[in-house]
Amino acid sequence: MTLQESEVARPQKAPRRVARVAHGQPTSDGAGVKLTRILGTQAFADLDPFLMLDEFRSDDPAAYLAGFPDHPHRGFETVTYMLAGRMRHADNKGNKGLLGPGSVQWMTAARGIVHSEMPEQQDGLMWGFQLWINLPAREKMDEPRYQDIPPAELPIVAAADGVRVKVIAGEFGDARGPVAPKATAPLFLDIEIPAGARFETDLAADDNAFTYVYQGAADIGPAGARRSLARGDVGILGPGTSFQAEASVKPARLLLLAGRPLNEPVAKYGPFVMNTAAELHQAVADFQAGRF
């Protein structure tokens, strides 16, 4: 192959543009915990395979102390990422764990689990995210499992221009996140961009992707087609093979999420996510009969 042929054959990067901007909506969950629902709202219902993303952030104990007492899940995975504060986990399978600042819990509810998530502090800042990722039909009735991941096991990559990238799932550079579901192959990055710096990474062309700015502001997309996102903005990304972000005025921290769509029917009812209404009815019956 000649050099000219090689250059023709090599695929060109196509930076993704922001196709749509949405905003998180204040809500409450559990026993009245106040949070912001980013994904799972009327404006941004879901993005296959992602079902929901919540941000909880408060230094008012009255907003979080009631926590999330025992509640069931079936048919999907939950990912809890703590930035500040401590959350105690326990489930009906005998598992227990404590999530502290910088730690992650990846729980695969699958056929069914009942668990609680309760703050283990009386004051101070409680801040983090919970993401729901769908499971393919063939895995929805597998045995449940979970993994507590301490901060030391989450790779942090020092990229160009002083950018720091925490790899929760997927790959960036030579780093690989500690959890890698095969069906959805999610990418979950926490990106810190200093003022005046720029960040870029490849994305799989077939993945659905979005970004959420949770500190500062960032310009997303290629030169000439950038959209400015401020804290609380979520950008749903259009087609392409790379992601570009720049913190032109002040530093930014943002989440980048991408995943392989399952392209399966989705039937949702509260904490149950299946493929058909009949499966939802069975999930409710199984939970009420104590079969989780």
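Begin by selecting aspartate 190, which is buried at a relative accessible area of 3% (buried means under 20% relative accessible area, exposed over 50%, and partly exposed in between, with a 1.4 Å probe and protein chains only). This is a predicted model, in which local features need pLDDT of at least 70 and side-chain atom pairs count only at pLDDT 80 or more, while totals for chains, interfaces and linings use all residues. Residues are numbered from 1 along each chain as its sequence is written, and side-chain values use heavy atoms, with hydrogens and water left out.

**Salt bridges**

Arginine 253 forms a salt bridge with aspartate 190, and their closest N and O atoms are 2.8 Å apart (a salt bridge is a side-chain nitrogen of Lys or Arg within 4 Å of a carboxyl oxygen of Asp or Glu). Because arginine 253 belongs to strand 23 (residues 252–259) and aspartate 190 to strand 17 (residues 187–193), the pair ties together parts that are 63 residues apart in sequence. Helices (H or I, at least four residues) and strands (E, at least two) are DSSP runs, numbered from the N terminus. Arginine 253 counts as partly exposed, at 22% relative accessibility.

The structure holds 12 salt bridges. Next, select arginine 37 and aspartate 54, whose salt bridge has its closest N and O atoms 2.7 Å apart. Arginine 37 lies in strand 3 (residues 33–39) and aspartate 54 in strand 4 (residues 50–58), so this pair ties together parts that are 17 residues apart in sequence. Arginine 37 is buried at 15% relative accessible area, and aspartate 54 is buried at 4%.

Move to glutamate 55, which forms a salt bridge with arginine 231, with 3.3 Å between the closest N and O atoms. This pair links distant parts of the chain, since glutamate 55 is in strand 4 and arginine 231 is in the loop between strand 20 (227–230) and strand 21 (233–237), 176 residues apart. Glutamate 55 is buried, with a relative accessible area of 2%, whereas arginine 231 is partly exposed at 41%.

**The cavity**

Which residues line the largest cavity? Select Val33, Lys34, Phe56, Arg57, Ser58, Tyr64, Gly67, Phe68, Met87, Pro119 and Met126 to display its lining. Strand 3 and strand 4 are the elements that give two or more residues to this lining, and strand 4 supplies the largest share, three residues.

A search of the whole structure finds one cavity of 30 Å³ or more, and the largest cavity holds about 60 Å³ of space. On a 1 Å grid over the protein atoms alone, a cavity is a set of points where a 1.4 Å probe fits but cannot get out, and lining residues have an atom within 4 Å of a point. Grid points are joined across faces, edges and corners, and a volume is the space filled by probe spheres set on the points.

**Serine 116**

Now select serine 116, in strand 10 (residues 113–119). Serine 116 is buried, with a relative accessible area of 12%. Leaving aside residues up to four places away in sequence, serine 116 touches Phe68, Pro69, Asp70, His71, Arg88, His89 and Ala90 (contact means heavy atoms within 4.5 Å).

**Aromatic pairs**

The structure holds 13 aromatic pairs. Select phenylalanine 272 and phenylalanine 292: their rings are edge-to-face, 5.9 Å centre to centre, with 75° between the planes. Rings of Phe, Tyr and Trp (its six-membered ring) pair if their centres lie within 6.5 Å; planes under 30 degrees apart count as stacked, over 60 as edge-to-face and the rest as tilted. Phenylalanine 272 is buried at 4% relative accessibility, and phenylalanine 292 is buried at 10%. For a further view, select Tyr81, Trp127, Phe129, Phe188, Tyr212 and Tyr214, which ring pairs link into a cluster.

**Backbone stops**

Select aspartate 48 and proline 49, which are joined by a cis peptide bond with omega about 15°. Proline 49 lies in the loop between strand 3 and strand 4.

Finally, select aspartate 161, a residue other than glycine with a positive phi, near 65°. Aspartate 161 is in the loop between strand 13 (156–158) and strand 14 (164–169) and is exposed, at 53% relative accessibility.

Methods. 1 Å grid on protein atoms, 1.4 Å probe; cavity = no way out; pocket = protein on both sides within 12 Å on 5 of 7 lines; lining within 4 Å.
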